[in-house]
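Please look at the sequence and the model first.

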Amino acid sequence: EGGGNMAASGEGAPEGLCGPERQGAGGLALLGLAPSAPSCPHGPALLFVKTSQGKEEGRRFYACSACRDRKDCNFFQWEDEKVSETRLAAREEYNRNHQPPFTHRQNVERYKNFVLLPLSKRRFCQQCQRLLLPAEWEKHSDHQFLCDISTAQLKSPSQLLYPLENKKTNAQYLFAGRSCQFLLDLIIDLGFRRVLSVGTPRLHEMIQSKASQEDFRVRSLLLDIDFRYSQFYTEDEFCHYNMFNHYFFGGEAARETCRKFLYQGSGERVIMVTDPPFGGLVEALASSFKKLMAMWKETEKEGHNLEMPVFWIFPYFFESRILEFFPSFSMMDYQVDYDNHALYKHGKTGRRQSPVRIFTNLTPSMIVLPVEEGYRFCAVCQRYVSSGNQHCEICNSCTSKDGRRWKHCVLCKKCVKPSWFHCNNCNCCALQNHTCEKTDAVCFVCGKAGHKRSTCPSLSHT
């Protein structure tokens with residue numbers, strides 16, 4: 001749901017599309033967040049290196065953590081580049097000029113004044129995406145705006161604000177009501193009372209809307225790069241946050257807000273629910289999530305061998321990448337759908353089903369999926385699976401990832417998609433019309449055999 005998106009280049013894809021481990025390919029490798037990294041308007045930049053198979057490591061450079069399209073943020077600096085004082089001063093001024101017009105605290109005060117206005121004086125500028133006070137109307141007179149903003153609209157900002165749908169920068173797709181309600185019901189049934197909502201504004205919104213109910217005890221803190229939400233939530237309800245570099249724009253005060261929220265006082269168990277843009281680098285996301293999990297662990301008095309419970313919502317074809325960084329995670333069959341995405345909608349069949357799943361470090365048998373939607377419990381696998389996910393006696397597992405019934409390939413010794421066939425030339429299953437690429441498998445980073453890019457010793461994983 002949330003915004004921000006650094007280059008991914010399709011690290012996994014449905015129906016046999018190749019990711020960066022394709023032999024003979026070159027690409028960018030993330031080296032992480034350097035201690036002395038320069039900053040752009042989105043916080044500290046990430047360090048990258050250009051890689052190509054069998055060749056020496058390329059020159060290292062810094063780029064924006066949140067935008068992969070340089071039209072959105074053109075920050076670039078070579079690691080070994082000496083930057084002049086004049087250029088540093090110009091950069092600092094540029095960063096200041098590209099910050100929001102109001103601080104979070106100012107937005108909170110503006111909101112207090114806005115709700116005191118009669119309905120006829122409540123306006124929202126659609127062009128600036130801002131709640132307007134009467135003194136500001138004249139400045140926005142040539143803009144389109146909404147009038148008579150109701151209390152219900154103020155409590156549903158995700159429906160008032162335009163979704164940021166630039167796929168290269170924000171990819172802000174919002175949970176459909178069905179999926180949002182399922183997640184909240186599941187969270188409550190599992191006994192959690194605090195939800196760290198990282199890039200999930202609609203789930204946060206649903207929790208906030210029920211906060212006034214006497215028997216509703218769940219609380220939520222939204223961490224999101226979309227600062228527009230600061231117009232509707234207090235500093236205890238929203239932190240401006242970049243999930244690609246673990247950057248709190250509000251500094252130590254915002255970090256402390258997050259720390260306090262994660263403290264499980266009075267037995268109020270915490271779970272993190274995150275729905276990052278699907279184009280985001282898994283390495284960068286995993287690094288940030290580990291830091292949030294470490295922050296939670298610091299607040300714990302007992303159970304230091306435990307991880308903070310997490311729901312990471314992401315497409316199924318990123319499973320291997322997520323497990324690379326979080327081996328304790330497993331993927332659930334539940335198909336998450338979105339209101340404003342043409343493809344990721346509930347009720348579709350075959351290849352058109354939503355590929356978005358829930359990855360979690362909770363015990364799979366605890367995640368009860370709705371039987372009325374066709375999910376059933378597999379006694380052998382000890383988890384709920386989709387109706388099309390049939391148990392394979394040979395693999396001894398419910399093997400389908402995409403909702404369709406997969407078939408077992410004796411030669412590959414595993415189950416594969418129903419549209420795949422065994423290719424004797426490639427010695428593996430693939431789409432029938434694929435292009436054979438029979439080459440000696442080597443790591444495209446260092447050119448040596450015996451491992452792939454993901455486990456290359458020349459790259460460090462955090």
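Two strands pair if DSSP finds at least two bridges between them. Strands (E, at least two residues) and helices (H or I, at least four) are DSSP runs, numbered from the N terminus. The model is predicted, so local features need pLDDT of at least 70 and side-chain atom pairs count only at pLDDT 80 or more, while totals for chains, interfaces and linings use all residues. Residues are numbered from 1 along each chain as its sequence is written, and side-chain values use heavy atoms, with hydrogens and water left out.

**Strands**

Strand E24 (residues 420-423) runs antiparallel to strand E25 (residues 428-431), and 4 bridges join them. Phenylalanine 421 has alanine 430 in E25 as its bridge partner. The hairpin of E24 and E25 has 4 residues between the strands, and asparagine 427 takes a positive phi near 60° there.

An open sheet of 8 strands with mixed pairing has the order E13-E12-E11-E10-E14-E15-E17-E16. Its edge strands, E13 (247-248) and E16, each pair on one side only. Within this sheet, 5 bridges join the antiparallel strands E15 (residues 310-315) and E17; phenylalanine 314 has arginine 357 in E17 as its bridge partner.

**Aromatic rings**

Rings of Phe, Tyr and Trp (its six-membered ring) pair if their centres lie within 6.5 Å; planes under 30 degrees apart count as stacked, over 60 as edge-to-face and the rest as tilted. The structure holds 20 aromatic pairs, including the two tabulated here.

| Pair | Type | Centre to centre | Between planes |
|---|---|---|---|
| Phenylalanine 48 and phenylalanine 61 | stacked | 5.9 Å | 20° |
| Phenylalanine 278 and tyrosine 338 | edge-to-face | 6.1 Å | 80° |

Phenylalanine 48 lies in strand E4 (residues 46-51) and phenylalanine 61 in strand E5 (residues 60-63), so their pair ties together parts 13 residues apart in sequence. Phenylalanine 278, in the loop between strand E14 (269-274) and helix H8 (282-299), is 60 residues from tyrosine 338, in the loop between strand E16 (330-331) and strand E17 (356-360).

Buried means under 20% relative accessible area, exposed over 50%, and partly exposed in between (1.4 Å probe, protein chains only). Phenylalanine 48 is buried at 2% and phenylalanine 61 at 10%. Phenylalanine 278 is buried at 17%, and tyrosine 338 at 1%.

One aromatic cluster includes Phe278, Phe314, Phe326 and Tyr338.

**Charges over rings**

A charge sits over a ring if NZ of Lys or CZ of Arg is within 6 Å of the ring centre and within 35 degrees of the ring normal. Lysine 290 lies over the face of phenylalanine 326, at 5.5 Å from the ring centre. The charged end of arginine 123 sits over the ring of tryptophan 137, 3.8 Å from its centre.
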